[in-house]
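Thanks for coming. Please look at the model first.

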Amino acid sequence: MNRLDVAIEISKHVGFYLMQFWGRASNIEKKENFQDLVTAQDKNSQELIINKIQSHFPNDGFLAEEDMEKNSKNLWIIDPIDGTINYIHGLPSFCISIAYYEDKKPVFGTVYNPFTEELFVGIKDEGAYLNHSRLKVNDINNLNFAVGSLGFTKNFTGKFIEKVENNVQRIRIIGSAAISACYVAANKFDFFITTKANPWDIAAAYIIVTEAGGCVRNFTGNNPKIFEKDSYIFSKPSILETLQNIISEIGGGI
Ligand code: IPD
Ligand code: CA
Ligand code: CA
Ligand code: CA
């Protein structure tokens, strides 16, 4: 079994497990504050994923949200549930995000939503797919036709909405950074913007969106620093500059 097949197989297996507890997660605990929660299912999902990978590739390393870091040039970046708050509340946007990087360079990423059974895959230089259909970002030439998505982050989300409410068709906040970004790859959203994303939120979606022909930049206009906390603009090429200008006007941080 190659690494991509392992990622897909374990995502579906864990997805089946997670659906048993969807909307009734157990051992809900606070991490940094009341907006940052972890459940037994986050921890179990991570353990299932890491055990499976280790059984095939014992020397590989991990960077995973629920306290697991082991360095290696062969690195898996894992978010065992992206959208924990949705998962706890029985809302349908949550996913398992698995990325594989070699020497800190992207190789592939998978994002699987067990509720919708959407599997997004991006393979470096080989394209992006949603359940075997090739993804290709199309273009729009005016923000007026855009449906965009945002993270829920302090000092940014409110200001951004206020600034664009008369210029975009709609703004949606769906509660999973990985799914929101993949929806740009799939032309469901025209952009997704968030501050303070962690490597595990975004490492897989970054490959999926770039392979689908979407743009990914941070708020300073550079390639985001995947291995640090950074700001992200995922967008169709033609509206990127307009979005960057809006963000500089409101003074967005990371
Ligand atoms: C969170 C979700 C959420 C985003 C947060 C993330 P988690 O991840 O992606 O949509 O706004 O910044 O931390 O904690 O559910 O894995
Ligand atoms: Ca979390
Ligand atoms: Ca996350
Ligand atoms: Ca998580």
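A residue is called buried if 20 or more other C-beta atoms lie within 10 Å of its own, exposed if 12 or fewer, and partly exposed in between, with C-beta atoms placed from the backbone. This is a predicted model, where local features need pLDDT of at least 70, side-chain atom pairs count only at pLDDT 80 or more, and totals for chains, interfaces and linings use all residues. Residues are numbered from 1 along each chain as its sequence is written, and chains are lettered from A and ligands numbered from 1 in the order in which they are written.

Helices (H or I, at least four residues) and strands (E, at least two) are DSSP runs, numbered from the N terminus. In α1, the buried residues are V6, A7, I10, S11, V14 and L18. Down the axis of α1 they fall within an arc of 125 degrees, so they line one face of the helix; the arc is that of the directions from the helix axis to the C-beta atoms. D5, F16, M19 and Q20, on the other side of α1, are exposed.

Now the ligand. Which residues are around ligand 1? They are E65, D79, I81, D82, G83, T84, G151, F152, G175, S176, A177 and D201, with C-beta atoms, placed from the backbone, within 6 Å of it. β5 gives the most to this shell, three residues. Domain 1 (3-134) and domain 2 (143-250) both contribute, so ligand 1 lies between them; the bounds come from an automatic or database domain assignment.

Last, A186 sits in the loop between α5 (177-185) and β13 (191-197). A186 has 21 C-beta neighbours inside 10 Å and therefore counts as buried.
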